[in-house]
Amino acid sequence: MAPKADSQSAGAVAAADASSQFSMDPVFHILKVVPYSFLRPPRLRLKIPSVSLPSAMTVFSLVLLTYFMVVSGFVYDVIVEPPGIGSTQDPATGAVRPVVFLPGRVNGQYIIEGLSSGFMFVLGGIGIVLLDLALDKNRARSVKVSYAIAGISSVVIAYVMTTLFIRIKIPGYLR
Amino acid sequence: MATMPASASDLLKSFKLKTKQQELLIRVSILCLVYILAFITRLFSVLRYESMIHEFDPYFNYRTTLYLTENGFYDFWNWFDYESWYPLGRIVGGTLYPGLMVTAVLIYRILRFLRFAVHIREVCVLTAPFFASNTTLVAYFFGKEIWDSGAGLVAAILIAICPGYISRSVAGSYDNEGVAIFALLFTFYVFVKAVNTGSLAWSLASAFGYFYMVSAWGGYIRFVGFQHVQSGEHMAAMGVFFLMQVFYFLDWVKHMLSDTKLFQAFLRITVTCAVAVGGIALGLGMVSGYISPWTGRFYSLLDPTYAKDHIPIIASVSEHQPTAWSSFMFDFHILLFLFPAGLYFCFKRLSDATIFIVMYGLTSMYFAGVMVRLILVATPAVCLISAIAVSATVKNLTVLLRSKNKVVQTGSTKGSGGSKSSSKALLDQSQPFQKNGAIALLFGAFYLLSRYATHCTWVTSEAYSSPSIVLAARGAHGNRVIFDDYREAYFWLRQNTPQDAKVMSWWDYGYQITAMGNRTVIVDNNTWNNTHIATVGRAMSSYEDEAIEIIRSLDVDYVLVVFGGVTGYSSDDINKFLWMVRIGGGVFPVIKEPDYLVNGEYRVDKGAAPKMLNCLMYKLCYYRFGEMLTEYGKPPGYDRARGVEIGNKDVKLEHLEEAFTTSNWIVRIYRVKPPNNRWWLNRYKFG
């Protein structure tokens, strides 16, 4: 761009500015002179992007994710830093065998057992949600039936696995 | 004769209730049964042992309640306790939450007025179950407010037996939480009621409920006083209060002004001013120190790794550990499945009340994940939300069961003519299948809830009903063996030591020693003075010569240690010893933790560190233990709690002498010998 044309158009812009808006702001006047007498600001149409609130079900899925993390003992993992899986030595052969469930204490876990139990809890919750979706009237029948079967099997699997886990972890459970 | 059967049938007809009355009868009888159930499920330890106060903290509460009954409220409020934290003493009036004690004394006075001659100890023991029963009633009304009366009933049942709540409200656990959870739920219920009805009376009631909760609970503030304007934790509440004033002021101005443009300008100016003023006030407050920063306990909730690195006392309490999945399962069982389902139902039907309960549930579950003890706070929210899930699912299923052939009509209104008849046929076919499916699912729900009840009762009986002061174990023939050593030791102290004797022990036992032994202690469970505790820790971890200097400077007459080597009791002082070292080392750098470890491992056998084998705690615990045969087939001096033979069997004490050891060696008390008359002779010994 030729500087002559720049200063001319800048001058025109400045004159227009001065006539439309009288400003007491010293910074504005300094800026008018120093960069913007020879620089021409581009004409852009910028809009602040509109942020719309997410739907209830989106929030629910996020909540489910955080629930999974809390209930699988994520904070415990971060602070105590247990190993992912424990190990014990077989006294007879000397081979090292993995131990999935931390024995002896109620309030202690390895990382993998925490994550799998947390997954089972969330699975059970989702099963009940699927059951409710299955009983909703406004769907095709085949979809309702498949939701119902998925829901019932989720709840049953989750309950059975969770009971199995707690029985392994606490040897004297329900005796 | 003909009139007789007529009048009889008339009589029967007059007894037959209308459906609404039947429903009311069912509801009231369920609530009565739940009330009784909540009370009796907490009585396991009273029936197995006796009616006594459990654990450590309740002994302090009991002692203060005793003082309150004997001396009245004004003396209680101004009480300076010289029997603990010798030589500092403790201002009891300003450092406790009087709600619990005042409540217990009120109940005691009412019972006495009705001429029931109860002892204050019985009232203290049974306060928590009584308030748990009241909590179930509040849960019913809260559930009714959020969802419907069915959900309220389920919430009442779930919270009556939930182990997360039972753990801190069992009979004998005379602690703030027993009363505070009732106050918390009551305040929340009345608050939601006020939001729903908009009435001033309910909001006033919620203010009173909040006041009661604050007076009863240390769970969230330490002192009531000027804390509300001074402590960092209250700034959020202050901010909300301030914002509400600004909001309503703007609303009022908008109502007065008719010009919108003028109002917009006014709005901009006001909001900017308000934010600026608030920010400047907060900044000035924090910089000048008027507003104190967040205390360690609450900071560790936001940054869970803080306590581990900076404050060993907080990190050492087992209740402050983060939660593993099995603790959740233990305390909640199937509620862990029902909670996300209940959240889904709440999200489906969003209202002020459901949003409130969802936020309460989510925040309390996060904090419960950070600290095991806070599972208690999450329990009411989890029970309520799970009740919503149960109630909504059961309602769906029973609607399916009750639906008659009306489905055919609705089937015909949708779809085109061709599919009309086929859909009608399909629905006719699927009707009995759906009904059978619904019945099967109802049985499944019933089965799950019955497993929940079994689990809760088992957990209550096995895990949460131990008084901790009386230990039980299974003997060789499966019979139950009771160890009453703690009380034996405390009563020995009470009866065989001079009145002004001072006892030094680790801080766990302080409350019990003052309450039952009636002697002055150096440090107790209040743990308000870290340096004092560190002094005791340093004394326990030093060699005997250095320790006796500290002991003499604190004017101690007796030293008490807890030792589990003979019985295999694992919560003894040797297992807690590393915490003494850490806390002592935190204040006195002369105590270094690596000195007591061998390759990072904590041992007491022959391979243990020399400093460990000769420190005061080791000597006091293992004095004369080297000759003791503890288990068949093992050498003498076999420590059953650590599972090893001890390293230093020849323990000689120079400045202390053994005063008393209980029958199972669990508590050992040593007397501090007075200094030799001619001590300077020992210092200048020849050879």
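Helices here are DSSP runs of H or I with at least four residues, strands are E runs of at least two, and both are numbered from the N terminus. This is a predicted model, where local features need pLDDT of at least 70 and side-chain atom pairs count only at pLDDT 80 or more, while totals for chains, interfaces and linings use all residues. Residues are numbered from 1 along each chain as its sequence is written, chains are lettered from A and ligands numbered from 1 in the order in which they are written, and side-chain values use heavy atoms, with hydrogens and water left out.

An unreviewed UniProt entry labels residues 53-76, 110-135 and 147-168 of chain A "transmembrane region". UniProt positions follow the numbering used here, feature names are shortened, and such annotations may be inferred rather than shown by experiment. Residues 110-135 of chain A are 92% helix and 0% strand, with 39 Å between the end C-alpha atoms. For residues 53-76 of chain A, the end C-alpha atoms are 33 Å apart, and the span is 79% helix and 0% strand.

Strands β1 (residues 86-89) and β2 (residues 96-99) of chain A pair antiparallel over four bridges; strands count as paired if DSSP finds at least two bridges between them.

**Where chain B meets chain A.** On the chain B side, 46 residues take part in the contact, and chain A brings 49 residues; contact means heavy atoms within 4.5 Å. The buried area between the two chains comes to about 4300 Å², with carbon and sulfur atoms giving 75% of it. Buried area is the accessible area (1.4 Å probe) that two parts lose on being put together, summed over both.

Chain B holds 30 helices and eleven strands. Of its 687 residues, 48% are buried, meaning under 20% relative accessible area, with exposed being over 50% and partly exposed in between (1.4 Å probe, protein chains only). Among contacts in chain B between residues at least 6 apart in sequence, 69% link residues at least 24 apart. Domain 1 (227-294) and domain 2 (482-672) of chain B come from an automatic or database domain assignment, and their C-alpha centres are 55 Å apart.

**The five-stranded sheet of chain B.** This open sheet runs β6-β5-β7-β11-β10 (chain B) with mixed pairing. The edge positions go to β6 (520-521) and β10 of chain B, each with a single partner strand, so one side of each has no neighbour in the sheet. Strand β5 (residues 502-504) of chain B runs parallel to β7(B) and is joined to it by two bridges, with Val503(B) partnered by Tyr558(B) in β7(B).

**β11 of chain B and its two partners.** Five of the six residues in strand β11 (residues 667-672) of chain B are buried. Strand β7 (residues 558-562) of chain B pairs antiparallel with β11(B) through five bridges, and strand β10 (residues 656-661) of chain B also pairs antiparallel with β11(B) over five bridges. Ile669(B) in β11(B) is the bridge partner of Leu560(B) and is likewise the bridge partner of Phe660(B). Check the hairpin turn too: five residues separate β10(B) from β11(B), and Trp665(B) there has a positive phi of about 65 degrees.

**Asn525 of chain B in its loop.** Asn525(B) sits in the loop between β6 and α25 (530-541) of chain B. Its relative accessible area is 13%, so Asn525(B) is buried. Beyond neighbours within four places in sequence, Asn525(B) has contacts that include Phe56(B), Asp57(B), Trp507(B) and Tyr511(B).

Most residues other than glycine have a negative phi, and most peptide bonds are trans. In the loop between β1 and β2 of chain B you'll find Trp85(B), with a positive phi near 55 degrees. Trp85(B) is buried because its relative accessibility is 0%. The peptide bond from Tyr86(B) to Pro87(B) is cis, with omega near 0 degrees. Arg624(B), in the loop between α29 (616-622) and β8 (638-639) of chain B, has a positive phi of about 65 degrees. With 36% relative accessibility, Arg624(B) counts as partly exposed.
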